[in-house]
Amino acid sequence: MAEQTQGAVPLSAVIADAATGVALALRGEGGPYALSGILRHNDALTPAAVRVLGADALAPYAMEHRGAPVGPEDEAVVRQALAAYPPGADASEVSRWTYRGLVEASHAFLPAGAQPWPAPPEAATGWVDSTPWPKLSHRVSQLAALALPKLAPGLAEQLTARTDDLSRGFVRAVRRRDWLQAAGLGRWLARLPDVAPTLGLDSGLAFVRQMGGADPRVALHVVAAQRFYGRGW
Amino acid sequence: MTVTAASPALLHAVGDRALTWLDNHREHFRLTAGDLADNVAVTERLKPIGELALNMQVLFREGVAGSRQKARAGQLLDFAWRELLDGGNVLARLQQDEPLSPVPVEVYATFHELGHRHPGLEATLEVCRRTATWATLEMVPNRRLGVLNAERKLGLPPSSDFDQAMARTWLGQLAEPWTVQLHIAYDITHTVFHLTNWGEAPERIPPAVADYLTRYLPAWLEDWADLEHWDLLGELLVVDACLPRPALDAELWERYAAAQSPEGAMPIHQQMPRGDAAQVFDQVHHPTLVAAFASAMATSRAMSAV
């Protein structure tokens with residue numbers, strides 16, 4: 001991804017800070033979560049950061065006891081991001097699904113305001129059945145933010161049939177010390193019902209957090225797996 | 001998603017080239033006078049000889065060798081028993097000096113299965129096997145399986161329980177597949193080799209272990225192919241060929257075959273090493289023997305699937 005900079009703060013740092021904020025909220029630390037508190041509405045990099053985080057920007061709102069209500073500023077951040085980056089006709093599956101994830105999360109976790117949320121764009125699932133496991137694993141890890149309650153139920157159902165393949169991807173990613181991929185796959189596997197006990201997913205998620213958790217996005221995936229699906233420790 | 005299986009022709013060609021190289025370099029297996037004066041050196045040089053014999057035996061057993069290949073394998077075996085081992089005397093001498101070492105027994109077991117006999121060695125073994133120490137010698141769990149398998153090959157009652165020995169191995173415990181690194185991977189392959197008597201009896205792999213391997217072996221294969229660790233990749237391809245439904249992945253086999261030198265040698269890691277003939281032999285004989293083994297097993301499975 002091309003990195004935009006504004007002053008001394010690169011986009012990656014903004015994303016990292018936001019991911020840290022989301023992870024803290026999912027752990028129940030750091031006070032009530034407000035999206036506009038970690039990504040300001042008037043910051044030029046905010047729409048790009050929300051685009052990268054996708055549904056994860058709203059993940060804390062999926063918790064049952066989140067505390068603070070969603071305010072107009074939070075809603076504005078989401079609307080701005082949705083308006084800034086609608087997927088084009090040539091958008092990759094990952095971009096399309098990430099965007100769709102944010103739309104789905106808005107419907108699922110945010111109150112319906114005066115203005116309705118846009119309809120989720122069409123996103124194909126044919127690739128789930130036809131993609132060899134190494135490439136599938138890489139792609140699914142990039143869609144880790146969709147491993148949230150109520151989101152992408154059709155995708156989750158299709159991925160269930162590829163559980164063993166995603167487990168292979170998890171094994172390979174940990175072996176390669178590709179912690180971000182491992183965390184993303186581990187988070188999806190935490191959502192899927194048929195993961196083999198021999199994978200050792202709970203120890204695996206803890207291992208990934210311990211070894212790769214310095215990356216806030218790795219930490220976020222591991223804490224999401226624990227918060228929403230009770231996997232890892 | 002199913003993977004495309006390699007053609008029997010591709011699988012067979014890897015082994016044919018490996019055997020040609022092994023035969024052309026057979027003098028390098030020979031123990032020198034210097035080696036024979038030092039039991040540590042003898043033990044070290046016996047390993048490749050034992051592996052050579054195992055490989056030739058696998059070729060005969062699997063029935064995948066052509067007539068030329070079969071003749072070549074037969075000559076190599078005779079050469080190994082008569083010339084390299086002096087009709088078993090080299091093994092017997094080592095055993096005389098180190099009666100509790102499992103090495104002479106492990107090497108002898110293969111030749112015994114092939115019909116060769118050394119009564120003196122068997123007599124010493126009989127005495128040693130009756131001691132309590134024989135069954136309690138401390139060794140890593142998969143090595144214990146190797147000793148038990150050697151006893152099985154010799155037609156002797158097992159000195160300890162095979163299933164319990166299997167349960168003590170890493171693979172028997174079905175530990176986390178994402179922790180597998182190089183040494184664990186070799187522990188896994190050797191557990192499968194001893195369990196199945198080098199691929200002869202794949203059905204001895206317990207169902208839970210076969211499921212485990214079916215699920216996670218593709219991840220290890222892919223990773224060590226990417227790392228170009230041909231020695232381990234070859235051993236893992238043997239494990240694949242021992243599974244109830246081997247993948248015989250064409251893409252992996254093509255990469256494996258492409259790593260082989262034009263003369264038939266397989267490098268351990270990445271490229272062929274440089275150096276004089278003896279140095280190169282010391283480094284590549286093992287991966288080349290593994291290539292012959294993997295090829296025989298995979299060809300056999302591919303042909304029985306046709």
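Colleague: Which residues have the most contacts inside the largest nonpolar core?

Modeller: It's a predicted model, so local features need pLDDT of at least 70 and side-chain atom pairs 80 or more, while totals for chains, interfaces and linings use all residues. Numbering runs from 1 along each chain as written, with chains lettered from A and ligands numbered from 1 in written order. A nonpolar core joins buried Ala, Val, Leu, Ile, Met, Phe, Trp, Tyr and Cys through C-beta atoms within 7 Å, buried meaning 20 or more other C-beta atoms within 10 Å, with C-beta atoms placed from the backbone. The largest has 164 residues, and those with the most contacts inside it are A:L146 and A:F170.

Colleague: Which helix gives the largest share of this core?

Modeller: Helices here are DSSP runs (H or I, at least four residues), numbered from the N terminus. With 11 residues, the largest share comes from chain B, residues 277-305, helix α16.

Colleague: Why does the core lie between domain 1 and domain 2 of chain A?

Modeller: The bounds, 1-124 and 125-233, come from an automatic or database domain assignment. The core lies between these domains of chain A because both give residues to it.

Colleague: How many residues of domain 2 of chain A are in contact with domain 1 of chain A?

Modeller: Contact means C-beta atoms, placed from the backbone, within 7 Å. On the domain 1 side of chain A, 23 residues take part, and they touch domain 2 of chain A through its 20 residues.

Key. A residue is buried if 20 or more other C-beta atoms lie within 10 Å of its own, exposed if 12 or fewer, and partly exposed in between; C-beta atoms are placed from the backbone. Helices (H or I, at least four residues) and strands (E, at least two) are DSSP runs, numbered from the N terminus. Two residues are in contact if their C-beta atoms, placed from the backbone, lie within 7 Å.
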